[in-house]
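Good morning, and thank you for coming. Today I would like to go through one structure step by step, from its chains to its contacts.

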Amino acid sequence: MPITLIVNGEERATQAAPMTPLLDVLREEFFLTGAKAVCREGFCGACTVHADGIARMSCLMPVGLAEGCAITTVEAIAADGVLSPLQQALEDHDVVQCGMCFPGMVMSLTKFLEQNAHPSRDEMKTALAGNICRCTGYERVIDAVLALTNAPQAAE
Amino acid sequence: MAHADNLYIAASVADAVAVLVDRAGAATPLAGATWVMRAPLRREPLAHSYVAISQIEALQRIDISEDEAVIGSCVTHARLAEALAGRGDLAALATAAAKSANPAVRQAATVGGNLCTADFAAADLVPALLCFDAAVELEGPGGVQRLPLQEFLSLRHALPVGSLLCRIVVPRSAARSAHARLPLRKAGDYPVAIASLSIEQDDKGIVTRAAVAVGSVEPVARRWPSLETALVGRPLNTAWIGVQAERLAEEFTGRDGVEAPGWYRVKVLPTLVRRAVEALSAQTA
């Protein structure tokens with residue numbers, strides 16, 4: 001029996017075994033390779049996606065439990081090819097290094113900023129506890145996001 | 001509703017119990033899946049089949065009254081932390097739920113999963129619940145059974161077929177509580193050691209009841225009765241309690257693990273007790 005889920009607004013079906021990690025279905029079947037397969041144990045955050053509006057590690061989510069869920073991957077964050085304000089801030093501040101952790105960073109931060117539009121530096125660090133950057137670029141990430149959230153238009 | 005032979009999505013507790021019984025021990029309940037999905041990394045086989053219980057509405061309830069908090073076994077750490085925020089007597093449990101793992105894992109990992117995963121020695125919620133004298137309610141073919149949490153921890157390896165942990169019952173009191181943990185990084189990884197405290201004091205500040213629970217030091221979390229006895233009848237003095245914790249810490253046999261050797265877990269325990277007491281004092285202030 002196929003498993004049906006809504007991926008980036010589009011209904012998709014997979015014949016994968018239900019205990020297959022959602023991450024593997026996204027990458028290998030739907031060719032959405034933005035979510036990265038790195039630690040596969042929920043520590044690094046490189047595979048973060050949104051499932052029904054919640055940031056989740058897709059390596060730890062059996063696709064069978066994603067039946068009917070709305071899944072958003074990093075590929076859908078730049079609507080119509082226009083970077084989100086967060087993505088733009090990260091690019092403007094030249095934050096991206098090797099890029100392995102970045103899709104997960106973007107997904108975690110996108111959801112976090114929806115809930116806390118003006119975070120402190122400590123709150124940002126807490127929010128990023130599950131996103132590991134092997135290039136150790138954390139402070140620059142935080143600087144870029146704070147520049148975004150402290151910008152005059154962010155207060156409106 | 002079955003997806004395939006190896007994952008059944010249960011619609012109700014009765015449905016889950018029936019399928020677990022029908023599969024005669026070959027099926028395992030599955031909640032947040034955060035432990036099960038890492039089985040290959042631990043070089044463990046997946047179970048023959050799973051019965052997913054995370055979509056059962058009754059297991060996602062949190063009911064808090066003046067007397068007790070009743071927590072459904074499929075409540076996630078994130079929801080529990082949110083529901084308990086600002087409730088001083090349950091602060092240890094709120095902290096445990098809010099600080100464990102990382103934000104995305106807390107959105108998936110459940111209370112029931114934390115208690116049922118016998119091989120997960122570093123579970124934050126276990127010592128926090130132990131210090132409240134929490135009980136668990138199981139449902140199965142024989143009906144509903146309530147057990148003290150410590151007893152459940154010793155039985156969870158060999159529960160009767162069809163037993164499902166459905167609720168955790170946490171008595172409320174005039175106590176104040178705190179939870180201190182030591183991860184190797186500031187956050188995000190497993191704690192090396194955990195100390196949870198629940199303390200009641202009279203109007204002169206004398207401790208009238210003390211509960212201390214220790215997690216991650218030994219393979220299974222447990223209470224620390226000798227330290228509890230030492231605390232009762234005296235004011236809450238951080239330095240003095242730290243000295244007692246150092247004196248009594250040899251009662252623990254630390255477990256060796258990849259993140260820390262056993263001796264280190266025991267060595268840091270008195271410091272965590274002190275930190276938990278400091279957190280209690282800060283609540284008072």
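I shall begin with the two chains one at a time, and then turn to the contact between them. Please keep in mind throughout that this is a predicted model.

Let us start with chain A. Chain A contains 5 helices and 5 strands. If we read along the sequence, these elements follow the pattern β-β-α-β-β-β-α-α-α-α. The C-alpha trace of chain A spans about 50 × 30 × 25 Å along its principal axes.

An open sheet of 5 strands in chain A has the order 2-1-5-3-4, and its pairing is mixed. Which strands form the edges? They are strand 2, residues 10–14, and strand 4 of chain A, each of which pairs on one side only. On average, neighbouring strands of this sheet are turned by 40° against each other, direction ignored. As a reminder, strands of a sheet pair through backbone hydrogen bonds, either parallel or antiparallel. One parallel pair in chain A consists of strand 1, residues 3–7, and strand 5, residues 70–72, which are joined by 2 bridges. Within this chain, A:Val7 has A:Ile71 of strand 5 as its bridge partner. Helix 3 of chain A, residues 102–115, lies across strand 3 and strand 4, and runs at about 40° to strand 3.

Chain A is also divided into two domains: domain 1 covers 3–76 and domain 2 covers 79–155. Their C-alpha centres lie 21 Å apart. The contact between them takes 14 residues from domain 1 of chain A and 11 residues from domain 2 of chain A. On the side of domain 1 that touches domain 2, strand 3 of chain A, residues 48–51, gives the most, with 3 residues. That side of domain 1 has 9 nonpolar, 4 polar and 1 charged residues.

I now move to chain B. Chain B has 10 helices and 13 strands. Its C-alpha trace spans about 60 × 40 × 30 Å along the principal axes. For 285 residues, a compact globule would have a radius of gyration near 19 Å; chain B has 19 Å, and therefore agrees with that expectation.

Chain B, too, is divided into domain 1, which covers 2–171, and domain 2, which covers 176–284. The C-alpha centres of these domains of chain B lie 25 Å apart.

Helix 2, residues 77–84, and helix 3, residues 91–99, of chain B pack at an angle of about 145°, with their axes 8 Å apart. Their crossing is left-handed. Helix 2 of chain B contributes B:His77, B:Leu80, B:Ala81 and B:Leu84 to the contact, while helix 3 contributes B:Leu93, B:Ala94, B:Ala97 and B:Ala98. These residues divide into 7 nonpolar, 1 polar and no charged.

Next, some strands of chain B. Strand 7, residues 135–140, and strand 8, residues 143–148, of chain B run antiparallel and are joined by 6 bridges. A hairpin connects these two strands through 2 residues. In this pair, B:Val136 stands opposite B:Leu147. Strand 7 of chain B is also joined to strand 9, residues 164–171, by 5 bridges, again antiparallel. There, B:Leu138 has B:Leu165 as its bridge partner.

Finally, the two chains together. The contact between them takes 28 residues from chain A and 22 residues from chain B. On the side of chain A, strand 4 (54–57) and helix 4 (121–127) each supply at least two residues. Strand 4 of chain A provides the largest share, 4 residues. By class, this side of chain A has 17 nonpolar, 7 polar and 4 charged residues.

How values were computed. Residues numbered from 1 in each chain as written. Chains lettered and ligands numbered in written order. Predicted model: local features only at pLDDT ≥ 70, side-chain atom pairs only at ≥ 80, totals over all residues. Contact = placed C-beta atoms within 7 Å. Nonpolar A, V, L, I, M, F, W, Y, C, P; charged D, E, K, R; others polar. Domains from an automatic or database assignment. Pairing = 2+ DSSP bridges. Axes fitted to C-alpha atoms, helices over the stretch in contact; angles between N-to-C directions. Left-handed = near helix turned anticlockwise from the far one by under 90°. Rg over C-alpha atoms; globule rule 2.2 N^0.38 Å.
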